[in-house]
Amino acid sequence: MSLLEPFVDAKISVVTCDGRVFVGMLSGFDQATNVILSQCVERIFYEDKQVEEVPMGLYVCRGDNIAMVSELDEEADDTIDRSTLFAAPI
């Protein structure tokens, strides 16, 4: 059993090796840890302006480019006011 199996149909966050951040529903994965995200958005962070969310729809992240996968607490994520959130890109 894969460590990702319990997170299928859950909202997750994926950070790639090049610092990109994707948030979406885990629809599937394979033995190479390629992940399929539905309802995916890319969150782009800036130091001098608010976080930008770019809709990606259905998105596949290659397993060899994934640095981190984590389950997202949807309630906590929904309470964050992204218009006041500023951060240096990863």
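Me: What places Glu42 in a strand, and which strand is it?
Reply: This is a predicted model. In it, Glu42 is found in strand β3, which covers residues 35-44.

Me: Why is Glu42 called buried?
Reply: Buried means under 20% relative accessible area. Glu42 has 10% relative accessibility, so it counts as buried.

Me: What makes the pairing of the Glu42 and Arg20 side chains a polar contact?
Reply: The cut-off for such a pair of N or O atoms is within 3.5 Å. The side chains of Glu42 and Arg20 make their polar contact at 2.9 Å.

Me: Which residues does Glu42 touch, leaving out those up to four places away in sequence?
Reply: Contact means heavy atoms within 4.5 Å. On that basis Glu42 touches Arg20, Val21, Phe22, Glu52, Glu53, Val54 and Met56.

Me: Now to Asp9. Where is Asp9 placed?
Reply: Asp9 lies in the segment before β1, and β1 covers 11-16.

Me: What does Asp9 touch, not counting residues up to four places away in sequence?
Reply: Asp9 touches Met25 and Leu26.

Me: How far apart are Asp9 and Leu72, in sequence and in space?
Reply: In sequence, Asp9 and Leu72 are 63 residues apart. In space, their C-alpha atoms are 12 Å apart.

Me: Next, the whole chain. What pattern does the protein chain follow along the sequence?
Reply: The pattern is β-β-β-β-β-α.

Me: How do you know whether the radius of gyration of the protein chain agrees with a compact globule?
Reply: For 90 residues, a compact globule would have a radius of gyration near 12 Å. The protein chain has 13 Å, so the value agrees. Along its principal axes, the C-alpha trace spans about 40 × 25 × 20 Å.

Me: What share of the protein chain counts as buried?
Reply: Of its 90 residues, 33% count as buried. The accessible surface comes to about 5,700 Å², and 53% of that surface belongs to carbon and sulfur atoms.

Me: What share of contacts between residues at least 6 apart joins residues at least 24 apart?
Reply: The share is 49% in the protein chain.

Me: How far apart are the mean positions of the positive and negative charges?
Reply: The protein chain has 6 positive and 17 negative charges. Their mean positions are 6 Å apart.

Terms used. Residues are numbered from 1 along each chain as its sequence is written. This is a predicted model: local features need pLDDT of at least 70, side-chain atom pairs count only at pLDDT 80 or more; totals for chains, interfaces and linings use all residues. Side-chain values use heavy atoms; hydrogens and water are left out. Helices (H or I, at least four residues) and strands (E, at least two) are DSSP runs, numbered from the N terminus. The radius of gyration is taken over C-alpha atoms; the globule rule is 2.2 Å times the number of residues to the power 0.38. Buried means under 20% relative accessible area, exposed over 50%, partly exposed in between (1.4 Å probe, protein chains only). Accessible areas come from the Shrake-Rupley method with a 1.4 Å probe; for residues, only the protein chains shown count as cover. Lys and Arg count as positive and Asp and Glu as negative; His and the chain ends are not counted. The place of a charge is taken as NZ of Lys, CZ of Arg, CG of Asp or CD of Glu. A polar contact is a pair of N or O atoms within 3.5 Å; within protein, one must be able to donate a hydrogen and the other to accept it, and residues adjacent in sequence count only if both atoms are side-chain atoms.
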